[in-house]
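Here's a quick tour of the model, with the cut-offs spelled out along the way. Have the structure open as you read.

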Amino acid sequence: MLRSLLRPVIATAAVAGFAGAVFVSDSARAESTFVYGMPADHSVLDPHVTCGWMAKMVNYQIYEGLVEIDLHSADWPTKLKGQLAESWEISDDGTEYTFHLRQGVRFHDGTPFNADAVKFNFDRFLDKDAPQFSETAYAYMDFIRMIGDIKSVDVIDDFTVKITLNGPNYEFLRTGMEDCPQMYIISPTAIETHGNEGIPLNPIGTGPFKFVERDPTVSTTLVRNDDYWGENAKVDRLIFRILEDPATRVNALLAGEVHAIQDPPWDEIESIVEEGFVLTTNENAPTIWYLSFNMRHPLMQDPRLRQAINYAINKEGIAEQILHGYGKPAHGMLNAGTYAYDPDFVSYTYDPDKARELLEEAGFGDGLDLDFDVMIYGTGELTEKWIQRDLKKVGINLNLNKMEWLAYLDKWVPGMAEDVHMNEMVWGEQTPRWTAFGYRCDRVPPHGNNIGWYCNEDMDKLFQQALETADEAERAELYQEADSWIMLNDPANAPIYHYFNPIALHPSVTGFTNAPSNWWDFSRVELTE
Amino acid sequence: MVRFTIGRILLVVPVLLGVSIIVFMLVQLAPGDVTSTLLGPMASENAKEVLRAEMGLDRPLPVQYGKWLAAVLQGDFGTSWVHKRPVSEIIFPKFVNTALLAGSAALIAYVLGFSSGVFTAAKAGTLFDRIVTALMLILGSIPLYWGGLVLVFLFALTWRWLPATGMTKTIGGGGALDVLTHLVLPAVAASLPSAALISRITRATMIETLSQNYIRVARAKGIRRAIILRKHALRNALPPIVTVGGMELGYLLGGIVLIEVVFAWPGLGFVVYNAIIGRDLPTVQGAVLILALAFVLINLTVDVVNAYLDPATRAAEGGVDR
Amino acid sequence: MTDVPHLGRPRRVPAFLETFWASIVVFSRHRVSFTALIFLILVALVSILAPVIAPHDPYVDVGWRNSPPGEDGLILGADGDGRDVLSRLIWGGRISLLMGVVPTLAAMLASLLIGVVAAYSGRWADQVIMRVLDMFFAFPIVLMATVVAGILKPGLATVCIAIFIALIPYISRLVRTTTLTVKNEPYVEAARSAGGRGWEILSRYIVPNVIAPVIVYTTTLMGFMIVLGSALGFLGFGVQPPAADWGTMVEEGRVVLRKAPHVSMFPGIAIVSVALAFGFIGDGLRDALDPRMRGR
């Protein structure tokens, strides 16, 4: 009955789809406001102490770094461009980075931007004696080896800064721009006036948008920075609305109450598009959904078991059926967003017979039980349930230990404990160094995110060689060599899929670029009547 | 009556004290390490130790409680660990929003539940009774997160009479009318289970009262049915109805987190839920304390109203001002 | 028998067996309630016999994701994971019924004790009991569930315990209010002045007269608790996948409400009809337990 009841509903909703624009444009005529529906609340607007993609999305509009990844282009691989630094040089030995800063830039509070401001920001986590030193920022920056990488930061003149590294490192810029915390430059006056704890409520940068207010768990409002040094933002206001429930997010879009929603439920995308909304995706988003194996667990030490799990999971099925094609099977740990990604590399394709064979060989013919740590993160554990089912078909019983996101992180970050065989993560960065971080012996917790305790010194040598290689193409090859060897011979992970980051837009939205990133630029977004 | 009321009000203090102790203890039981909320999960053990000492988390629990309570009594609920701003700034506006939604839902539930309950009781056993009783039950047992969506489909997406999400328009919103239009759907959706409960309890109590001897006597005396209903039955049936009505308001205040999520209503329930999973303990403590105060006041009101309605109850409640 | 008012005659309960039998007679005469009971017994039987009856494994995909009823040989279609909705419905009934009945019944019994004792034991004990309940009442059920889930583990037991604890203050307050009213009825006073002992008065005169609204309230709650239990699941504290109760099935299917309404609709119908059945049984029980209804 309900079905026939809803059919006219769907039809009418389709016709009425655009009437909703009235809600928005009526009052928007005088002032244009772009409302973005976020799938989760963001953490604090202090870029040095945040990790989440939602916070990065807001921070990206407010703050800027010396060098940035160009998000105005959807092309892959992405390019680095000067932002607060007009240009930079890297010394021949790869240890000294000299930045020539942009002149005439002011923070939103009027503070002039210069070399001292840069030094002040770096000292926030490098200099334990500085008044602005933040223990939290230190912890975050240490996690991405900023602390270990940097030897010193020196002011050469008002608009020149030199960063000296402890060793040659050609991924330094990308690491700083997009890893867990971001090396954005905050107004020193704001830090001095409001203290380290006061930055989240007084986020003052140099970006195209200025912070207005944050209504916790509801929305965050930004306004255009009319004194921006570059091209001014097109819209007057930018509002991030937090709409955690996927159905609610879709409703808000259909009713014309937001202009864009991130992560529309995959099952609904088709019908949203049918109703005239525009879907944008990027096949090279640096997002990878993967399982990690606990190499310290005696059971998991047999590579045949890990290979069997890789064979047993129907990634193509997940990409097609759960993601409706808004993702593609992942074959290695180099995600689709990094320049080192090789789209032609294939490691394991779905082959349950082969999996059973390997298990038989390894002595697990009678089946086995594995514990799988799972996070609750709003996707309804669809993929986890799918994997549970696939593995059951080859005789592996998977126990899902679901945990809230923060509780999960608490257990994930220190590395897998003895009571768990595998866990999961969705992450990915454009620097291939991120992949190396997950493999290197010296990156096991607490010094990094090699949470499965993988260690192979030969591979470490390759990763180190890659880091010290100036040529990007050569670097890419080295990363590919290491990753493919590990994947095929001694898989430490089971990469599942690369996600395409679907974003649905109201047809009145133009100028939005779904760049290969996990956060996007909104300064070029325009609303047409 | 006055003495009873005053006595009852005085009892609110120990209850709130008890609640504050339980809140404080519960938070200690909640899983996870508080320092990793503050420093991030990658913080070093050393940094965590330093922070624990700074925050006094290494002190004995009673000392911590004392400090917390002293601050709360001065109106200082602390600073949210997640949002880095005073807890009171977060929870008070949100509590107002929730109270508005819960109050409206309760109002709808009272009107709908009470009237349907009285009418079905007056016509007990008839087809009308059967249909209305069943209808109320059906409406009440539809899962909120499903029924809410159907309402949105019909009224917001199909007919476009009402907005689908939020409490005001995101752009250029505000004003009573704007809030009212946003309020209708979530309030109706939230009211249904409560309306069903109140309807049933009203019907049951009314039938019970109508079968009491004095009503039978009244009826035997030939007093008109409407007058019996109004003057005798209703008044005597009221105490359980008022009790359930109060409880439903309390339930709505603390229990409409699902409605808040489905309609993106900026309420306290969602804040509490987020604070719990985000381990933002000062916010959890503050919000629960506010809710507790509201609950206790509702119960107080219920008891006073019941005592007023029924002198016998008043005696039992300890009032001696007769 | 007759409609002549029994003036002054206390409604007292005769010997247990006699009461029981008389109640059954009254209940079975209540056509709607009787049908509801038969329906619930059937639902319970089907759930218990799930391993035998269910056409498919509820945890394994047997069809295309969200395939509509009738396709892939699935009468009620497949859910978002390609699993048979009918089989999941049958298995889910076990959890849902358990979640609706056990904690609610347990809370009712506990509340009867607490509420009657509170109302009957004089103002100080009464105030202490009720104010302690106020403290529990003051906790949002979400917080309660989180704490219980933190101490135990998310799962059916957690949901049941959370519901049990959460319901006690609600039902107890109702019991107490009703008891206070009943306690001062003439027949109770008559029994008391006739030298009836406290326990006897309680069990013979008070409880039977208090129970009507409580039964109605509790049976109504049973249907609602099926939904509430799944709401806790929605928030992450409930039954863990791949197992699913009806409420969770509705929740899982609601995102595709437009595309595949059957996924959420069938479990929704199950919840509503069971809730309805509980309600009707409550009505029948109320009449059955009412001494004046017997013998009519």
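## A walk through chains B and C

Pro14(B) sits in helix α2 of chain B, residues 12-29 (helices are DSSP runs of H or I, at least four residues, numbered from the N terminus). This is a predicted model, where local features need pLDDT of at least 70, side-chain atom pairs count only at pLDDT 80 or more, and totals for chains, interfaces and linings use all residues. Residues are numbered from 1 along each chain as its sequence is written, while chains are lettered from A and ligands numbered from 1 in the order in which they are written.

Pro14(B) counts as partly exposed because it has 15 C-beta neighbours inside 10 Å. On that scale, 20 or more other C-beta atoms within 10 Å means buried, 12 or fewer means exposed, and partly exposed is in between, with C-beta atoms placed from the backbone.

| Domain of chain B | Residues |
|---|---|
| domain 1 | 32-71 |
| domain 2 | 90-271 |

The C-alpha centres of these two domains are 44 Å apart.

Now for chain C: 53 of its residues are in contact with 59 residues of chain B (C-beta atoms, placed from the backbone, within 7 Å). α9(C) gives the most to that side of chain C, with 11 residues.

Over in α7(C), 23 of the 28 residues are buried, so the helix is largely enclosed by the rest of the structure. There's a kink of about 35° at Leu167(C), shortly before Pro169(C) (the angle between axes fitted to the seven residues ending there and the seven starting there).

How values were computed: Two residues are in contact if their C-beta atoms, placed from the backbone, lie within 7 Å. Helices (H or I, at least four residues) and strands (E, at least two) are DSSP runs, numbered from the N terminus. Domain bounds come from an automatic or database domain assignment.
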